[in-house]
Amino acid sequence: MFVIVASKGRFKWISGIFQAEEVALHYMEQIPEELKEYQNLIRVEEMKYPFYIIESQRDFQFLTKDEVIVLFNHTDVSEDEDEVHFNIYTVDSDYRPKKPGTDYMGILHHDHVTNEFIAKYKEEGTEILVKKRIF
């Protein structure tokens, strides 16, 4: 899997996700010059669709279904009732914003994992992930 991760100051986003390297490279060529310096093409080994992106404190992790379950099993409700532990994005096909190099991650299926979400997971297990169309 090939992922274009962009970083500009304190902002970080994913500009594209591609199964084929040649498609990713072609997409990179379409990114406007003023955005190119912020883009970095990385290879995520042994990853295939569907997979999951965990965004926490402006960092990204790329996980399999089994790794997501481990993450949820090891995430506990915190003292801060407004805390968002992480955002989880479900990726089941190539992703490319209409404007190359920009942040349109919001169009990916995602959820904000809050204390309420974790509490439901502790009650229901992976069934909550199925209900929310994560799995």
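This is a predicted model: local features need pLDDT of at least 70, side-chain atom pairs count only at pLDDT 80 or more; totals for chains, interfaces and linings use all residues.
Three strands form an open sheet in the order β2-β1-β3, and the pairing is antiparallel. At the edges are β2 and β3, the latter covering residues 39-43, and each of these pairs on one side only. From one strand to the next, the twist averages 25°. Between β1 and β2 there are seven bridges, in the antiparallel sense. Lys 8 is placed opposite Phe 11 of β2.

Across β1, β2 and β3 lies helix α1, residues 21-30, and the helix runs at about 30° to β1.

Now the cores. The largest nonpolar core contains 19 residues, and Ile 14, Ile 17, Phe 51, Ile 53 and Phe 62 have the most contacts inside it. Two or more residues of this core come from each of β1 (2-8), β2 (11-18), β4 (51-56), β5 (59-63) and β6 (84-91). There is also a second, separate core of 14 residues, with Ile 54, Phe 117, Ile 118 and Tyr 121 among them.

What does Ile 14 contact, leaving aside neighbours within four places in sequence? The partners are Val 3, Ile 4, Ile 53, Phe 60, Phe 62, Tyr 95, Thr 102 and Met 105.

Last, Arg 58. This residue sits in the loop between β4 and β5. Its relative accessible area is 41%, so Arg 58 counts as partly exposed, the class between 20% and 50%. Not counting residues up to four places away in sequence, Arg 58 touches Arg 10 and Lys 12. Glu 45 is 13 residues from Arg 58 along the chain, and their C-alpha atoms are 21 Å apart.

Methods: Residues are numbered from 1 along each chain as its sequence is written. Side-chain values use heavy atoms; hydrogens and water are left out. A nonpolar core is a set of buried Ala, Val, Leu, Ile, Met, Phe, Trp, Tyr and Cys residues joined through side-chain atoms within 4.5 Å. Buried means under 20% relative accessible area, exposed over 50%, partly exposed in between (1.4 Å probe, protein chains only). Helices (H or I, at least four residues) and strands (E, at least two) are DSSP runs, numbered from the N terminus. Contact means heavy atoms within 4.5 Å. Two strands pair if DSSP finds at least two bridges between them. Axes are lines fitted to C-alpha atoms, for helices over the stretch in contact, and angles run from 0 to 180 degrees between N-to-C directions.
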